[in-house]
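Let's take a walk through this one together.

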Amino acid sequence: MKHLKALIVEDSEDDAFLLLRHLKRGGFEIEYQRVETAEELEDALGAYQWDIVFSDYSMPHFDGMMALAIFNKSGIDIPFIMISGTIGEDTAVQAMLAGVDDYFIKGNLNRLIPAVERELKEAENRRARKRAELESVENKKRLQLALTSAGMGVWEWNLANDSVYWSPECYRILEIDRTIVGVREFFDLLYPADAEKLDKLAREAVQNHTSFQTEFRKSDKTKGIMWFASNGLADYDEAGNPLRVIGTIQNITERKRAETILSESEENLRAIIKASTQHVWTAEADGSNPEIFQFFSGLSGRPIAEIRDVVEIIHPDDREPVTREWEESLAKRRIFNAVIRFLTESGEYCFMATRSVPIFNQDGRFRQWIGTCNDITQRMYAEESLRKNEAQLQLVSDTVPTSIAYLDRDLNCLFVNKACAEWFGFTKEEALGKNLRDVFDAQAIELVRSELADVMKGRTLTFERSSILADGSHYLRLNYVPDFDDNREVRGAFIFIIDLTENRKAEEELRKSEERFRSLVNSIAQIVWTTDAEGRLLSALTPEGSVLQGTAAEQPLDWVELIHPDDRDRAVKQFEDSILTKSQFQTECRMKIYDGNYRYFISRGTPVFEKDGTVREWVGTLTDITNNKLSEESLRQSEEQLRQAQKLESVGRLAGGIAHDFNNMLTAINGYSDLTLRRLAENDPLRRNIEEIKKAGERSATLTQQLLAFSRRQILQVKVLEINQIINDSLVMLQRLIGEDIQIISALNPSINYVKADAGQLSQMLLNLVVNSRDAMPKGGTITIETDNIYFDEDFTSRHAGAVIGNYVMLAVSDTGVGIDEDTLKQIFEPFFTTKEIGKGTGLGLSTVYGIVNQLGGYIDVKSKVNVGTTFEIYLPAIKSHRDSTENRRDFSNLKIGSETILLVEDEDLVRKLSQQVLEACGYQVVEARDGFEALDYCQKNENQVDLLLTDVVMPLMSGRELAEKIQLIKPEIRILFTSGYTEDAIVQHGIRDLEMNFIQKPFTFDELSRKVRELLDQKK
């Protein structure tokens, strides 16, 4: 029986039973769960691992397509089979496209069993493929990680197109440009001989179906010669044709350098030993010392068998002190050094200078003596020379940790020390007298065969390789030294074996430590420096140090000379205090860098003391904080500009409010003056008084307009303008205004962009700046007016509060006057601030310019230097479009009076009464309202009796704009005329701009009001 875990989506228990019975007949042992709702289906999919899902298509509150959607969302990869008694062919096709694996009609399940078996098998195959793909990806990741951790790169040479793929690790190891893809390009970087050898080896390996290994060099301007080790293997197609060569590469530069150093050292040591006339010997702890007895046998003429102890041939007077000194040297682990008289073959005693070193194992047990004997009989009286030779012998004995063996020409082992025997796992007895072929296997013999052949020809050889022992875990240096007889014939060879394993580990640890230290130094932002005890700069351990030393510092730099003169005394005192207190030194100062400029640094230093307490050197860091200093200064300036802008904004709000109230009063004053003048005869004695009142009112109105301009609350007639035309139209008037002792020069960009502004305001702004420049040049001078197209970038806006990124038109007015000091510059745009005498100015000129510029969305800047001059730079947003070719201009000279009904809404009684009299004098019927609610109530009750609504913009309870919108709903054809002496920015932008001419500014005159009303009433409906 085949076990099957089935999830059945079916509302009919009977239908589910029939399905299960059919599956059991097909040989399945069923474990199942039946669900009827979406919630049950979601819970079942998440709670258990199913083999298959069967779903009915149509259920009372749930259907098969909904079940399929929930199943697809779960991401489970098992078959989904739909079974229904109502599903049509079109519906079945849609279900298959949506993800159903198969479908069946209830009552016709003949092919159900093979279909289930097929779908189960396909699902298992899909899952197996996914597992294989995931395992393949994971294996690739493991391989790449292993290669990277081993410091190896992978390359692939495509033999068809001669291109090379380099792994990222290859580029790092080889230090080559990523654009190098051809093998010839790569070979050009190598030594020619190495490139030729590498090419030859690779091609021979391809031809012979073998792998290859080689080493090659490339030259680097900064690192010198770099060594690399590479191996490769060819890949072939089914026909045996080579496709590519794949291999790995490693940087072995440090290993090569270490080999060179060690080779030279061993060569020197070998030369010393070779040049020496002394006999080098060892004495084992177990007393097995045939080489010593052989030496003394030849010396005394006795057979070795007769020499039971070396003491026997020592002079009787020397035996006791020699024995005592020998035992003490062993007990105290010190060098044994003595001159001993030995009995010779002639029966006389010779003097032997004997020096030996006791060698102990790591566990403290004595292992052997290594020593030398030198016949100094003929040199006893040359003690000074003897002492020098003994010192040399002592140095050799103390510094040669070698395993030593001696082979004759037939490769018989005639000498082996304990270290050598233990290294290869033999006792000395097992090794001595045996042929090397009997000791090592054929593979080991083959490895050293050519080397032994060369040394027997008289060549001295040095090799480094892994141990020929089975585990190969040690790294050795092998020195082959030929032994010549008196006829200069080679009679044997010494083999010196030095275990370099610990050295290699130490070198690797040192290299890693140096790399970690260098990485640490390079990862910090500071300059790491050292000085001598007097503070002379010796080195900088990071590239940033060059900002101090430059490129030609041959002598140590005195760090005090690099410090800015203003900071020098303070820094030197802190340095001296640090020496006295033996504490860390820290100061902030300006220091000169290589280009002669000064930058701000925080210098920290720590003294390094000798054992006697004196300072040997200083080690420390320099942190460049110049950018921080500049940022702090920029922030201070920005904060100052922000405070100035906030101050001007506060004063502007006050000025705007005052101007609003003045406009209402001036509307009444000027209006009633105008009405009175119209009723007085030309010779009336009161007429002159009324005219003076009207002139005073008009001058006051001008003053309020300046206040509104400063506060950015006046109503603008904004149009597309060319600023050069405004300037050219004003030059004649400006020249007459400033006098003949001042010359005006214009430098206007002929390709200047357009601006959107009020022409009158631009003229007023230009006039104010020119007058300000004139007052700064009481003895005459030059005023320069220039324009240009400017772009504010992010850097400019970050350093100038209020500036916004974008294109601008610049208007600059410069003078050669007395200039402005720094304190005055801080208040230059404040209203009522003036440096002129009392009665010589209002102090609103520059504040008015400031208000106009800000209302137009621009930016203003002032630069000045005392006794040199001042430049005001105004930046207005630029636009690319052209001015309108025609303007709506009407001739109001012949306007007629009317008889229409006007609804007058004004909360200020004086203005309302005046407006009523003016309109009624023109023949209109006037209905008064004090606020929007009264006006709205009147219109609702008399909707056909109002022709024009004249309303103030700013009123309590309901604004003029809101009132107009509500009345237009009642009477769409009504004309609207707004009036105001003060309007917020939102009303200016959204109320006046789209209404064009449907506005009249307070204070208005009799003629202005009557003409404006007549114009609106006469417009075509």
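Which residues form a nonpolar patch on the surface? Phe662, Met665, Ile669 and Ile693 do, with about 340 Å² of accessible area together. Keep in mind that this is a predicted model, where local features need pLDDT of at least 70 and side-chain atom pairs count only at pLDDT 80 or more, while totals for chains, interfaces and linings use all residues. Residues are numbered from 1 along each chain as its sequence is written, and side-chain values use heavy atoms, with hydrogens and water left out.

Helix α21 (residues 626–679) gives the patch its largest share, three residues. Phe662 sits in that helix, and its relative accessible area of 37% makes it partly exposed (buried is under 20%, exposed over 50%, partly exposed in between, with a 1.4 Å probe and protein chains only).

Now hop over to Gly99, in the loop between α4 (89–98) and β5 (102–105). Gly99 has 30% relative accessibility, so it counts as partly exposed. Its C-alpha atom is separated by 9.7 Å from that of Met65, 34 residues apart along the chain.

On to the rings. The whole structure has 21 aromatic pairs (ring centres of Phe, Tyr or Trp, the last by its six-membered ring, within 6.5 Å). Trp157, Trp166, Phe186, Phe187, Phe216 and Phe228 form one aromatic cluster.

Some rings have a charge over the face (NZ of Lys or CZ of Arg within 6 Å of the ring centre and within 35 degrees of the ring normal). Arg217 lies over Tyr191 at 4.4 Å from the ring centre, and Arg333 lies over Phe360 at 4.0 Å.

Technical notes: Patches are made of residues with over 30% relative accessible area and no salt bridge: like charges are joined within 9 Å, nonpolar side chains (Val, Leu, Ile, Met, Phe, Trp, Tyr) within 5 Å. Accessible areas come from the Shrake-Rupley method with a 1.4 Å probe; for residues, only the protein chains shown count as cover. A salt bridge is a side-chain nitrogen of Lys or Arg within 4 Å of a carboxyl oxygen of Asp or Glu. Helices (H or I, at least four residues) and strands (E, at least two) are DSSP runs, numbered from the N terminus. Rings of Phe, Tyr and Trp (its six-membered ring) pair if their centres lie within 6.5 Å; planes under 30 degrees apart count as stacked, over 60 as edge-to-face and the rest as tilted.
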